[in-house]
Amino acid sequence: LVFRETGLLPHTNCGTLNHAEMAAIAAWNASMGIMLENASMRLHEPGGAHYGTVTKEPWMRTQTLDVAGDLGGAMTTGILIGIGETLDERADSLLLIREVQERYGNIQEVIIQNFRAKTATRMKKAPEPSTVDMLKTLAVGRLLLGAEMNIQAPPNLNSDGAGAYLLAGINDWGGISPLTKDFINPEAAWPEISQLRDLTAEAGYELRERTVLYPEYISSGWKLPAPLAARLAEMTESDGFVRHELEWVT
């Protein structure tokens with residue numbers, strides 16, 4: 001219905017799904033996503049950030065990424081830093097994502113996201129990662145995942161220091177909406193598109209708009225159901241980016 005009634009390309013953050021469950025929705029998603037968060041089972045022990053959760057065990061999440069790989073679905077995944085993990089556990093998590101990518105080639109982007117403390121949660125008083133901590137992790141992520149991987153960090157979760165992310169290895173700002181708030185972090189407003197364009201230019205780069213499927217997946221002919229492929233062709237240039245006349249410019 002989203003696709004048919006609006007022309008928007010769905011990107012479902014799907015949770016853990018088995019083959020049958022994902023197959024039922026894959027035909028109407030240009031891409032999907034599930035965060036790994038962390039590969040450590042230690043975080044599931046009493047007192048850990050993932051203690052008592054039902055679907056955050058790393059094998060369940062990597063299995064979902066594998067199922068998407070079997071179905072030819074492009075996926076977004078990533079890690080969450082600052083939830084009590086060690087530096088080795090961060091690296092292990094990035095390496096686990098790299099292993100999935102080596103098997104299927106369907107991991108189109110990796111998010112490295114900083115934890116933000118929320119009221120009414122067990123971790124409401126937990127310290128948040130610093131800008132320096134993020135920069136170190138982004139740099140290690142780039143080294144471990146290689147030059148080909150798209151690495152993203154959300155600018156609204158560190159509005160004072162996000163510009164430096166561009167110097168540490170990211171090449172994507174994620175989904176920045178000029179129309180809606182960040183529903184996961186409603187207290188952290190998105191930057192204005194013009195502000196983000198200036199920030200990007202200051203670091204020596206050009207801000208371009210993309211679809212939910214990354215440009216290199218489009219230009220390389222990543223297989224999609226015909227209706228989605230036709231819509232992407234309408235929206236994008238030969239390089240896979242959104243056509244200039246359709247870009248959000250303000």
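Reply: What follows goes through the helix pairs, then the sheet, then the aromatic rings.

The model is a predicted one. Helix α3 covers residues 58–71 and helix α4 covers residues 87–104; their axes come within 10 Å and cross at roughly 15°. With angles under 35 degrees counted as roughly parallel, α3 and α4 are therefore roughly parallel to each other. The crossing of α3 past α4 is right-handed. On the α3 side the contact is made by T62, L65, D66, G69 and D70, and on the α4 side by L96, V100, R103 and Y104. Sorted by class, the contact of α3 with α4 has four nonpolar, two polar and three charged residues.

Helix α3 also packs against α2. Here the angle is about 55°, and the axes are 10 Å apart. That angle makes α2 oblique to α3. The crossing of α2 past α3 is right-handed. From α2, the residues H19, M22 and A23 take part, and they meet T64, V67, A68, D70 and L71 of α3. This contact of α2 with α3 divides into five nonpolar residues, two polar and one charged. D70 of α3 is listed in the contact with α4 and again in the contact with α2.

Helix α4 in turn packs against α5. The angle between α4 and α5 is about 35°, with the axes 10 Å apart. The crossing of α4 past α5 is right-handed. R90, A91, L94, L95 and R98 are the α4 residues involved, and their counterparts in α5 are D133, T137, G141, L144 and L145. The classes in the contact of α4 with α5 are five nonpolar, two polar and three charged.

The sheet comes next. It is open and has five strands in the order β1-β2-β3-β4-β5, with parallel pairing. The edges are taken by β1 (11–13) and β5 (151–152), each with a single partner strand, so one side of each is left without a neighbour in the sheet. The partner of β1 is strand β2 (residues 31–33), and the two pair in the parallel sense over three bridges. Within that pairing, H11 has S31 of β2 as its bridge partner. Helix α5 (residues 131–145) packs on the sheet and touches β3 (75–81), β4 (107–114) and β5. The direction of α5 makes about 160° with that of β4.

Last, the aromatic rings. A search of the whole structure finds two aromatic pairs. In one of them, F3 and W28, the ring centres are 5.9 Å apart and the planes stand at 45°, so the pair is tilted. F3 belongs to helix α1 (residues 2–6), while W28 is in the loop between α2 (19–26) and β2, so the pair ties together parts that are 25 residues apart in sequence.

Conventions
Residues numbered from 1 in each chain as written. Predicted model: local features only at pLDDT ≥ 70, side-chain atom pairs only at ≥ 80, totals over all residues. Heavy atoms only, no water. Axes fitted to C-alpha atoms, helices over the stretch in contact; angles between N-to-C directions. Helix = DSSP H or I, 4+ residues; strand = E, 2+ residues; numbered from the N terminus. Parallel < 35°, antiparallel > 145°, perpendicular 65-115°, else oblique. Left-handed = near helix turned anticlockwise from the far one by under 90°. Contact = heavy atoms within 4.5 Å. Nonpolar A, V, L, I, M, F, W, Y, C, P; charged D, E, K, R; others polar. Pairing = 2+ DSSP bridges. Phe/Tyr/Trp six-rings, centres within 6.5 Å; stacked < 30°, edge-to-face > 60°.
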